[in-house]
Amino acid sequence: MARNLGFLVLALLVLASSCESTIFNPVSESHRSAALELFTPTDGSFGSLEETYEALKTFEVLGIEKKPDIRTSACASVVDTLLSTSTAVKDLFHALRVNGMLKCELNDEAFAGIESRLKDSLNNANSLLDFYYSIGGLVLIKDQTSAVDVLLTDADKIFRSIKALSQSDGRWRLNSNNPESSNDAAGKALEALAGVISLASSEIDQSLIATLKNDIAKLFDGVARYDDGTCYFDEKLVDARGHQGPLSASTSVVRGITAFAEVTTESLNLPGEKILGLAKFFLGIGIPGSAKDMYYQIDALACLENIRQVFTLGSIPLILSLPATVLSVTKKDQLKVRVSTVLGSSAPPLTVKLMQTFISGSKDASIIDQKLNFDPDNAVHVLETLPTNVDVGNYIFSFEIVFDDPEQKKNYATGGRTKVPIHVTGAITIDSAEISILDSDIGSPETQKKLDLPGENAVALSANHLQKLKLSFRLTTPSGHAFKPHQDFLGLVEKFYYLSGKYDIQLTVGDSVMENSFLQPLGHIELDLPDAPEKAARPPPQPVDPYSRYGPKAEITHIFRSPEKRPPRELSLAFLGLVFLPLFGFLAGLFYLRANLKNLPKSTVPATFAILFHLGIAAVLALYALFWFKLVHLTSNLYFLLAVGSIHNIEGTWLIGNVLDVCRAKDTIPSCIHIGQVEICVISIPISRVSSR
């Protein structure tokens with residue numbers, strides 16, 4: 001069997017995206033489908049009120065209407081938790097959050113009792129989490145009812161108590177006994193301080209707010225950043241509460257600064273590119289794999305979506321995305337760009353421009369400055385034809401967003417120019433293909449044959465180890481330019497371990513931008529290779545298929561001994577005649593001895609059984625004959641013999657019974673009866689007759 005000689009002439013290329021050009025897509029239907037799968041209640045409810053709130057909040061932000069119906073079980077749990085006198089402050093906080101979503105039936109008296117317990121906990125608070133849950137619960141009561149007074153008369157004191165846990169780098173400690181600080185604690189502290197400001201019965205000291213603004217600026221100074229502009233808050237503190245990582249920490253900070261920005265008129269003066277970088281971080285996660293991470297992502301994006309003129313240098317992040325980043329010049333695909341908010345909402349009137357194009361891995365740029373046409377029906381910006389300098393290959397396209405109303409720059413953050421990787425494909429033309437055998441690298445070909453690529457080829461070549469095998473062809477792009485992919489050549493002698501013989505030739509031509517890649521058999525080549533040196537590598541053992549043991553086995557050929565020599569046919573027939581002689585002698589003896597056959601029954605029923613009895617004997621003899629002549633198999637013969645013997649037994653019993661009846665009637669003992677039958681007849685004779693004799 002011929003071996004296989006494959007030429008991998010063109011290596012498959014992988015689209016290499018620079019870290020400076022990452023695609024970010026807004027929230028889509030994929031997030032909604034994933035949320036329904038991740039947030040699945042068990043027996044009509046979630047595991048805890050915290051999980052219930054996270055599911056409800058995620059469904060609300062994503063606008064999911066067909067969500068699980070958990071209102072009955074959730075409200076029952078909320079009421080039980082809020083009315084219980086032994087409920088922890090953390091559980092009260094989560095129950096109030098769920099109640100704010102479902103609007104369960106609670107009267108003002110119940111809210112008043114909860115408010116009293118939360119204020120008692122606030123007065124005895126000695127950790128950041130105590131402040132966070134107590135103040136958060138009071139803020140939730142304020143939003144759910146106006147009949148309960150939740151205002152704080154000592155707001156400045158509480159503000160300073162929380163501020164005492166802050167660090168010089170903008171991070172916070174969970175309590176005064178713990179020297180470790182974290183970004184996650186900073187976010188919770190900002191949210192708690194925002195609650196203090198909203199609950200204060202009088203205005204908070206402005207110097208405290210100014211100090212807090214300075215802490216926020218320091219916190220953002222320590223934000224981590226990637227080359228593509230993605231920003232996040234790293235988290236090194238890991239404790240038993242779990243989920244302490246960049247995602248939870250960044251979500252906590254975003255929630256905290258959003259809450260603080262909503263209760264103060266002061267501007268935080270945070271750069272818009274960092275806010276946009278945080279949005280890119282949350283979108284860069286893609287589809288989270290856990291319910292907790294899904295909640296963190298969607299909650300943070302909702303905070304960034306709902307900011308309105310909070311930061312002086314832009315606030316609401318706008319995301320530039322492409323429905324398709326692979327374009328075919330052969331099919332004349334159009335470049336489409338969509339601009340929206342992080343949650344997929346429409347952007348204000350704007351224009352998208354293609355400013356520059358780069359070849360991946362190159363710093364040389366082509367200036368384009370071309371405006372894309374806006375399609376209002378599909379809400380996309382379209383570039384109908386690609387620039388003339390764009391051919392098949394991997395590119396980086398640089399886009400710029402220009403608002404129709406320049407004042408919108410104060411409300412939205414675009415991050416300047418956005419770089420997106422584009423993969424341009426096309427059908428490559430292959431011509432001038434030939435294969436030849438050369439005596440040297442520059443010598444004239446000894447054998448040269450044209451090839452049809454791709455097409456049917458069946459070349460037959462032969463070569464030795466001193467000759468060269470040359471395979472050449474030309475690749476051309478749809479624009480008429482030479483196509484130069486990476487190449488990989490295989491050495492023959494060492495690769496095939498000096499094994500001479502016939503090899504099949506296959507050519508593989510493929511590239512990530514080549515739409516007509518193929519694997520083509522070319523024919524075969526007869527190789528005459530030298531003997532392998534002593535230290536040459538040996539062929540590796542062939543892999544064994546573990547399932548081969550269950551396949552068909554090799555055919556087993558049996559060798560039987562020669563059959564014994566049989567006698568002549570005439571002699572066998574003569575012996576058969578001798579076998580039948582006793583039968584004829586028996587019949588002749590009956591005739592000579594004048595056998596008495598007159599006692600054969602003459603009535604209908606006994607005569608029938610007598611005939612059947614003799615036919616049964618004849619049937620048994622016939623089976624012997626058929627078996628002797630090999631016309632009936634042994635197993636079949638036994639079945640027939642069993643059937644005939646059973647019927648014959650019944651017939652014989654009836655026949656013997658009839659003979660005995662005849663004997664009793666004539667009061668004689670026939671001489672034809674056997675000893676066993678005679679005994680039966682003697683037993684049936686009366687005793688008086690025996691005694692008289």
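1. The end C-alpha atoms of residues 605-629 lie 36 Å apart, and this span is 96% helix and 0% strand. Helices here are DSSP runs of H or I with at least four residues, strands are DSSP runs of E with at least two, and both are numbered from the N terminus. Residues 605-629 are one of two stretches that UniProt, in an unreviewed entry, lists under "transmembrane region"; the other is 571-593. The UniProt positions are given in the numbering used here, feature names are shortened, and annotations may be inferred rather than shown by experiment. Over residues 571-593 the chain is likewise 96% helix and 0% strand, with end C-alpha atoms 34 Å apart.

2. On the basis of the model: this is a predicted model, in which local features need pLDDT of at least 70 and side-chain atom pairs count only at pLDDT 80 or more, while totals for chains, interfaces and linings use all residues. Residues are numbered from 1 along each chain as its sequence is written, and side-chain values use heavy atoms, with hydrogens and water left out.

3. Helix α13 covers residues 569-592, which is 24 residues. From its first C-alpha to its last, α13 reaches 35 Å, close to the 34 Å expected at 1.5 Å a residue (the expected span is 1.5 Å times one less than the number of residues). Helix α13 bends by about 25° at Phe-580, the bend being the angle between axes fitted to the seven residues ending there and the seven starting there. A proline, Pro-582, follows the bend within four residues. Just after α13, Arg-594 takes a positive phi of about 55°.

4. Other backbone points deserve a check. Most residues other than glycine have a negative phi, and most peptide bonds are trans. Asp-43, not a glycine, has a positive phi of about 55°. Asp-43 sits in the loop between α1 (29-38) and α2 (49-62). Asp-43 counts as exposed because its relative accessibility is 79% (buried is under 20% relative accessible area, exposed over 50%, partly exposed in between, with a 1.4 Å probe and protein chains only). Asp-369 also is not a glycine and has a positive phi of about 50°. Asp-369 is found in strand β10, residues 365-371, and is partly exposed, with a relative accessible area of 46%. The peptide bond from Leu-453 to Pro-454 is cis, with omega near -20°. Pro-454 is placed in the loop between β17 and β18 (459-464).

5. An open sheet of 3 strands has the order β17-β16-β19, with antiparallel pairing. Its edge strands are β17 (445-450) and β19 (468-476), each of which pairs on one side only. The twist averages 20° from one strand to the next, where axes are lines fitted to C-alpha atoms (for helices, over the stretch in contact) and angles run from 0 to 180 degrees between N-to-C directions. Strands of a sheet pair through backbone hydrogen bonds, either parallel or antiparallel; two strands count as paired if DSSP finds at least two bridges between them. Strand β16 (residues 429-438) is joined to β17 by 5 bridges, and the two run antiparallel. Ile-435 has Lys-449 in β17 as its bridge partner.

6. Asp-431 is partly exposed at a relative accessible area of 27%, and Arg-474 is partly exposed at 47%.

7. The structure holds 14 salt bridges, each defined as a side-chain nitrogen of Lys or Arg within 4 Å of a carboxyl oxygen of Asp or Glu. In one of them, Asp-205 pairs with Arg-160, the closest N and O atoms being 3.7 Å apart. This pair also links distant parts of the chain: Asp-205 lies in the loop between α8 (183-199) and α9 (206-221), and Arg-160 lies in helix α7 (residues 155-163), 45 residues apart. Asp-205 is partly exposed at 31% relative accessibility, as is Arg-160 at 43%.

8. Arg-171 forms a salt bridge with Asp-169, with closest N and O atoms 3.1 Å apart. Arg-171 counts as partly exposed at 23% relative accessibility, and Asp-169 counts as partly exposed at 34%.
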